[in-house]
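Student: Can we go through this model together? I'd like to start with the strands.
Tutor: Fine, here it is.

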Amino acid sequence: MTPKRKRHIAISGGIGSGKSVVCRILTAMGMPVYDCDCRAKNLMDSSLAIKNRIASEICREAIDADGNIDRAALANKVFNDRCALSALNSIVHQAVKDDYLSWRNDEAFPDCVFIETAILYQSGIDQLVDEVWEVTAPVDVRVRRVMSRNNITEAEVLKRIKSQDSYIPESMHGCVRKIINDGTVPVLPQIEDSLNSSASAQGLNRTRS
């Protein structure tokens with residue numbers, strides 16, 4: 001009997017779109033979710049090589065006297081300098097992808113494995129997954145969420161949204177499902193529908209193999 005193949009799914013969407021809510025629901029349902037932001041922070045904190053590259057290639061002030069990353073200084077630099085943002089991404093993305101590929105091979109995981117990312121195409125993670133769940137919300141809702149969560153100004157949030165939205169991928173993923181998280185449309189039924197659709201697609205793929 002041919003063993004089941006895991007279906008790898010990206011949870012994507014811009015800052016403040018509500019990805020984390022979707023991921024918390026999936027986690028509560030027993031689904032494994034790889035948090036790119038959290039894992040990237042852990043890798044950055046634990047890797048001397050990454051810190052050295054940040055200091056030499058992006059911003060010396062982003063590494064404090066104790067050798068730790070000053071995330072406020074780093075964020076201020078990369079969100080105001082597209083070249084610095086590109087450099088940071090090139091440093092971190094490969095480390096995250098390698099870490100994710102190792103993590104998702106856990107034999108104890110169920111049929112669906114998820115990865116949460118705000119920069120699906122910039123990171124190349126779109127090439128590692130079978131489908132994408134794109135979480136969306138109106139810009140004004142996203143701005144309010146981020147202002148409340150991060151205690152920053154509307155102008156700062158809009159700058160970050162613009163920075164993320166400025167990237168235009170050469171091609172979109174072939175399987176994208178939309179999840180609206182505007183605070184009005186119920187999220188759970190959309191997740192359940194997407195899971196059912198994913199299970200059907202997985203069954204069809206196994207039939208072809």
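Student: How many bridges pair β2 with β3, and in which sense?
Tutor: In this predicted model, strand β2 (residues 33–35) pairs with β3 over three bridges, in the parallel sense. Strands here are DSSP E runs of at least two residues and helices are H or I runs of at least four, numbered from the N terminus; two strands pair if DSSP finds at least two bridges between them. Local features need pLDDT of at least 70 and side-chain atom pairs 80 or more, while totals for chains, interfaces and linings use all residues. Residues are numbered from 1 along each chain as its sequence is written, and side-chain values use heavy atoms, without hydrogens or water.

Student: Which residue of β3 is the bridge partner of V33?
Tutor: F114. On β1 (residues 7–12), which runs parallel to β3 and is joined to it by six bridges, S12 has T117 of β3 as its partner.

Student: Is β3 covered or open?
Tutor: Mostly covered: six of its six residues, 112–117, are buried, meaning under 20% relative accessible area, where exposed is over 50% and partly exposed lies in between (1.4 Å probe, protein chains only). C112, F114 and E116 point one way, and V113, I115 and T117 the other. In a regular strand, side chains alternate between the two faces of the sheet.

Student: New topic. How many residues are in the largest nonpolar core?
Tutor: 32, and I115 is among those with the most contacts inside it, as are M44 and L88. Such a core is a set of buried Ala, Val, Leu, Ile, Met, Phe, Trp, Tyr and Cys residues joined through side-chain atoms within 4.5 Å. Helix α5 (82–103) gives the most to this core, nine residues.

Student: What does L88 touch?
Tutor: M44, I54, I58, L74 and V78, leaving out residues up to four places away in sequence; contact means heavy atoms within 4.5 Å.

Student: Which residues of α4 are buried?
Tutor: L74, A75 and V78. They lie on the same side of α4 because they cover an arc of only 100° around the axis, taken from the directions from the helix axis to the C-beta atoms. The buried residues pack against α2, α3, α5 and α8, while A72 and N76, on the other side, are exposed.
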